[in-house]
Amino acid sequence: MITSLPAPSHALVIGASGGIGAALAALLCDDPCIESVVATSYRGTVAAHQKIVPHTLDLSDEASIASLADQISPPNLVIIATGLLHDDEHKPEKSWRALKPDTMARAFAINSIGPALVAKHILPLMPRTGKCVFAVLSARVGSISDNKSGGWHSYRASKAALNQIIRTLSIEWTMKNHDSLCVALHPGTVATALSQPFQSNVQADKLFTPEKSARCLLGVIDELDGADTGGFFAWDGSKIPF
Ligand SMILES: NC(=O)c1ccc[n+]([C@@H]2O[C@H](COP(=O)([O-])OP(=O)(O)OC[C@H]3O[C@@H](n4cnc5c(N)ncnc54)[C@H](OP(=O)(O)O)[C@@H]3O)[C@@H](O)[C@H]2O)c1
């Protein structure tokens, strides 16, 4: 249960059709402090629940983000759980030889620019006093100082850009609300469609279920406060260097 937000609170989960997003939305529905969960999908669907208010949203279409902002109650908690590592046309690069402008542009559109546009349209709705949270799922591989193995150029770079966007948003938002929290989170390695092609190299005890990751992430969100804004945190609450 999230105890650090005012009760009742309204949550918004962007990407509630994804592996981790669906688990986050389900846990928020079970939380008596959360009154409603606006849950967005793109091509997939979100699970039905009396607290769920479903919407469709395309991060690469600003009009669909603006339309969502026009239709929802002001949220105290926003979690962006969308992301792109691979799809039918785009694969993570193993070498610079594989770099393609359209793959890079797509990664930045979904992983960096889309979340920035969600902030543009949703942050103005959020409370000016008290704790409120804007969290995005980033990835440890977006840490520049942690990059020891290379590869995955577009995904890494788009997550590094996302981390910088979050840091920059946090500075502006703090001037409006000292208790606001704007953070990037690493969910661990989680058994979802996104990680599926790469799971064979992961030790069984290091591959989390979406439910475990989501529970940890909500615990981290509950523990952090305004002094932590602009940071990058892992599922266990440890700070990740940029
Ligand atoms: N899984 C891991 O091991 C892992 C590790 C580190 C970081 N992460 C990060 O955690 C986040 C969630 O990952 P996941 O594993 O849950 O991935 P996932 O199961 O593949 O879910 C991806 C989500 O992104 C949404 N999405 C994709 N393109 C979109 C678009 N154009 N507009 C709006 N939504 C769009 C999908 O919507 P539809 O399904 O409705 O199309 C889905 O809800 C990502 O940011 C990922 O980078 C995951």
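The second largest cavity in this predicted model has a volume of about 40 Å³. A search of the whole structure finds 2 cavities of 30 Å³ or more, and the largest cavity holds about 80 Å³ of space.

**Second largest cavity**

- The residues that line the second largest cavity are Ile80, Thr82, Gly83, Ile110, Asn111, Pro115, Val136, Leu137, Lys159 and Leu162.
- Two or more residues of this lining come from each of α3, β5 and α4.
- The biggest share of the lining of the second largest cavity is from α3, which gives 3 residues.
- Sorted by class, the lining of the second largest cavity has 6 nonpolar, 3 polar and 1 charged residues.

**Largest cavity**

- Around the largest cavity lie Leu84, Leu85, His86, His90, Lys91, Pro92, Thr103, Ala107, Ser154 and Tyr155.
- Helices α3 and α4 each contribute at least two residues to the lining of the largest cavity.
- That lining is made up of 5 nonpolar, 4 polar and 1 charged residues.
- Rolling a probe the size of a water molecule over the atoms shows where empty space is left.

**Second largest pocket**

- The volume of the second largest pocket is about 210 Å³.
- Its lining consists of Ala119, Lys120, Leu123, Pro124, Met126, Arg128, Leu169, Glu172, Trp173 and Lys176.
- At least two residues of the lining of the second largest pocket come from each of α3 (101–122) and α4 (153–176).
- Helix α4 gives the most to the lining of the second largest pocket, with 4 residues.
- The lining of the second largest pocket has 6 nonpolar and 4 charged residues, and no polar ones.

**Nonpolar cores**

- The largest nonpolar core contains 35 residues, and those with the most contacts inside it are Leu24, Leu28, Val37, Leu77, Leu185, Leu218 and Ile221.
- Two or more residues of this core come from each of the strands β1 (9–14), β2 (34–41), β4 (77–80), β5 (132–137) and β6 (180–186), and from each of the helices α1 and α5 (210–223).
- Helix α1 gives the most to this core, with 7 residues.
- A second, separate core has 31 residues, among them Ile14, Val78, Ile80 and Ile240.
- Leu218 touches Ile2, Leu24, Leu27, Leu28 and Ile79, leaving aside residues up to four places away in sequence.

**Helix α1**

- Helix α1 covers residues 19–30, which makes 12 residues.
- From its first C-alpha to its last, α1 reaches 17 Å, close to the 16 Å expected at 1.5 Å a residue.
- The buried residues of α1 are Ile20, Gly21, Ala23, Leu24, Ala25, Leu27, Leu28 and Cys29.
- An α-helix has 3.6 residues a turn, so residues three or four places apart point the same way.

**His55**

- Strand β3 (residues 52–56) contains His55.
- His55 counts as buried because its relative accessible area is 13%, and buried means under 20%.
- With residues up to four places away in sequence not counted, His55 touches Val38, Ala39, Thr40, Ser41, Leu68, Gln71 and Ile72.

Terms used:
Residues are numbered from 1 along each chain as its sequence is written. This is a predicted model: local features need pLDDT of at least 70, side-chain atom pairs count only at pLDDT 80 or more; totals for chains, interfaces and linings use all residues. Side-chain values use heavy atoms; hydrogens and water are left out. The expected span of a helix is 1.5 Å times one less than its number of residues. Buried means under 20% relative accessible area, exposed over 50%, partly exposed in between (1.4 Å probe, protein chains only). On a 1 Å grid over the protein atoms alone, a cavity is a set of points where a 1.4 Å probe fits but cannot get out, and a pocket is an open set with protein on both sides within 12 Å along at least five of seven lines; lining residues have an atom within 4 Å of a point. Grid points are joined across faces, edges and corners, and a volume is the space filled by probe spheres set on the points. Ala, Val, Leu, Ile, Met, Phe, Trp, Tyr, Cys and Pro count as nonpolar, Asp, Glu, Lys and Arg as charged, and the others, Gly among them, as polar. A nonpolar core is a set of buried Ala, Val, Leu, Ile, Met, Phe, Trp, Tyr and Cys residues joined through side-chain atoms within 4.5 Å. Contact means heavy atoms within 4.5 Å.
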